[in-house]
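Open the model in your viewer and keep the selection panel at hand.

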Amino acid sequence: PQVCVIDFASAPHVQVVWTRVAGVSRAVFPQTIAGRPAYRLWIDPSYAPYLWDALVEICEELSGRVVGVGFVFPGLIS
């Protein structure tokens, strides 16, 4: 399954990308957190509940799970 048509693993990590993620149009802002690449999704807030549910469903279909930022970036949040 594909969440987005952009391959962020090979895309330059320096530009804003306008795309659809899980069927919702948005801007994707690359950033760096604790020296690691990260992405901020900018969407109309009315889509937030739908997008969250869609991304959770996609993660579960791929045998993943939702974790907090403290899991991905330990020590960042105290």
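Select W18. W18 counts as exposed because its relative accessibility is 62%, and exposed means over 50% (Shrake-Rupley, 1.4 Å probe, protein chains only). W18 sits in strand β1, residues 17-21; strands are DSSP E runs of at least two residues, helices H or I runs of at least four, numbered from the N terminus.

The model is predicted: local features need pLDDT of at least 70, side-chain atom pairs count only at pLDDT 80 or more, and totals for chains, interfaces and linings use all residues. Residues are numbered from 1 along each chain as its sequence is written, and side-chain values use heavy atoms, without hydrogens and water.

With W18 they make a nonpolar surface patch of about 390 Å².

Next, select Y39, L41, W52, L55 and C59. Of the 30 residues lining the largest pocket, these are the closest to its centre. The pocket holds about 1,200 Å³. A pocket is an open set of 1 Å grid points with protein on both sides within 12 Å along at least five of seven lines; lining residues have an atom within 4 Å of a point. Colour α1 (48-61): α1 gives the most to the lining, seven residues. By class, the lining has 25 nonpolar, two polar and three charged residues.

Last, select F8, A11, P12, H13, Q15, V17, P30 and Y39, which line the largest cavity. The cavity holds about 30 Å³; in a cavity a 1.4 Å probe fits but cannot get out.

How values were computed: Grid points are joined across faces, edges and corners, and a volume is the space filled by probe spheres set on the points. Ala, Val, Leu, Ile, Met, Phe, Trp, Tyr, Cys and Pro count as nonpolar, Asp, Glu, Lys and Arg as charged, and the others, Gly among them, as polar. Patches are made of residues with over 30% relative accessible area and no salt bridge: like charges are joined within 9 Å, nonpolar side chains (Val, Leu, Ile, Met, Phe, Trp, Tyr) within 5 Å. A salt bridge is a side-chain nitrogen of Lys or Arg within 4 Å of a carboxyl oxygen of Asp or Glu. Buried means under 20% relative accessible area, exposed over 50%, partly exposed in between (1.4 Å probe, protein chains only).
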